[in-house]
Amino acid sequence: MIRAHLTNIIFWVSLTVTLPATAFFKVADTDFEQDFAGATTYPTKSLLMKFNHKTQDLNIGPYTGTWKNKKRSSSFMGFGKKKTSTDITLVHDTYGTWSIFCSGIKKELTNIYGMTFERQGAIDYQCVMQSGEQTAVLVVLPFKKPKFSLGPPVENRKVIITLPDGRELHGSSLHSVVGSKRKNPKPLGYKISYGAEALGGTGWFGKKQVILVDPEVINTPDEHLIFMSGLSLAFFSKNDK
């Protein structure tokens, strides 16, 4: 625990010294490593600053519905669990009603010296998106921790999205802002791709937190699937703190 606090202090002190003062007062856009000019954006500000365990209204662009987010932790004899779950009902005039259920478990072990270690499983987070016989599944994989790191490690995450027709999209976490090569430990957003083609993502764009959908998939069924995947990742980012 003490070692973890010390590394965090070293990291943030070095960050404060090296970054210009104006950096703390500006919202920088996420570097998507892709030109998303003309992309459709769905602001996600309404998902922030909401209490847990309470059903909230969802209103994002043409989408309506409800969502309920839960975060809880428990411990027994040095073993701890942090659980998150999100229930979403999503309604769209064209794509109908979809239910999305997301869940994640982070297991921890605290030794006699008070130091905490995470025990990783096969996945960190999973979302199941369903409407009738259609099902899509999004999985966020654990990041690989380095053996040694000065400060918090960069949490490079991979995402696998299996669509109802069997196609597989891939996502990757983004850790830089436009105009800077510095890597942020926690993801600043995600990019969703099919092969080499970027289809959308989540992050800061135009000084707002948004879900992005590339113009190439607008007005196609993939537009809806990219939006749901981005929404699922937005809740993962909300809970992964």
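**Disulfide, strand pairing and charged contacts in the predicted model**

One disulfide is counted in the structure, where a disulfide is defined as a pair of cysteine sulfur atoms within 2.5 Å. The structure is a predicted model, in which local features need pLDDT of at least 70, side-chain atom pairs count only at pLDDT 80 or more, and totals for chains, interfaces and linings use all residues. Residues are numbered from 1 along each chain as its sequence is written, and side-chain values use heavy atoms, with hydrogens and water left out.

The disulfide is formed by Cys 102 and Cys 127, whose sulfur atoms are 2.1 Å apart. The link of Cys 102 and Cys 127 is right-handed, with 115° about the S-S bond. Cys 102 belongs to strand 5 (residues 96-110) and Cys 127 to strand 7 (residues 125-131), so the pair ties together parts that are 25 residues apart in sequence. Helices (H or I, at least four residues) and strands (E, at least two) are DSSP runs numbered from the N terminus. Both Cys 102 and Cys 127 are buried; buried denotes under 20% relative accessible area, exposed over 50%, and partly exposed the range in between (1.4 Å probe, protein chains only).

Strand 5 also contains Thr 97, which counts as partly exposed at 44% relative accessibility. The C-alpha atoms of Thr 97 and Gly 132 are separated by 8.9 Å, the two residues being 35 residues apart along the chain. Not counting residues up to four places away in sequence, Thr 97 touches Thr 89, Leu 90, Val 91, Gln 130 and Ser 131, with contact taken as heavy atoms within 4.5 Å.

Asn 69, in strand 3 (residues 63-76), is buried, with a relative accessible area of 1%. The side chain of Asn 69 makes polar contacts with the side chains of Thr 86 (2.6 Å) and Asn 239 (2.8 Å). A polar contact is a pair of N or O atoms within 3.5 Å; within protein, one must be able to donate a hydrogen and the other to accept it, and residues adjacent in sequence count only if both atoms are side-chain atoms.

Strand 11 (residues 189-194) has five of its six residues buried, so it is largely enclosed by the rest of the structure. Strand 11 runs antiparallel to strand 10 (residues 168-174), to which it is joined by five bridges, and antiparallel to strand 12 (residues 197-205), to which it is joined by six bridges. Two strands pair if DSSP finds at least two bridges between them. Ser 193 in strand 11 stands opposite His 170, while Lys 191 has Gly 201 in strand 12 as its bridge partner. Strands 11 and 12 form a hairpin with two residues between them, and Gly 195 in the turn has a positive phi of about 65°.

Lys 191 also forms a salt bridge with Glu 33, the closest N and O atoms being 3.6 Å apart. Lys 191 lies in strand 11 and Glu 33 in the loop between helix 1 and strand 1, so this pair ties together parts that are 158 residues apart in sequence. A salt bridge is a side-chain nitrogen of Lys or Arg within 4 Å of a carboxyl oxygen of Asp or Glu. Lys 191 is buried, with a relative accessible area of 12%, whereas Glu 33 is exposed, at 55%. Phi of Glu 33 is near 55°, a positive value in a residue other than glycine.

The loop between helix 1 (2-18) and strand 1 (40-43) also holds Asp 29. Asp 29 is buried yet has no salt bridge, and the nearest side chain of opposite charge, Lys 207, is 4.4 Å away; Lys and Arg count as positive and Asp and Glu as negative, while His and the chain ends are not counted. The side chain of Asp 29 reaches the backbone nitrogen of Lys 207 at 2.9 Å, and a polar atom of this side chain lies 3.1 Å from the backbone nitrogen of Gly 206. Lys 207 itself is in the loop between strand 12 and strand 13 (208-213), counts as exposed at 52% relative accessibility, and has a positive phi near 65°.

In total, the structure holds eight salt bridges. Asp 124, Glu 155, Arg 157, Lys 186 and Asp 240 are linked in a network of salt bridges. Asp 240 lies in the segment after helix 2 (221-239) and Arg 157 in the loop between strand 8 (134-140) and strand 9 (158-162), so the pair ties together parts that are 83 residues apart in sequence. Glu 155 and Arg 157 are both buried, and Asp 240 is buried as well.
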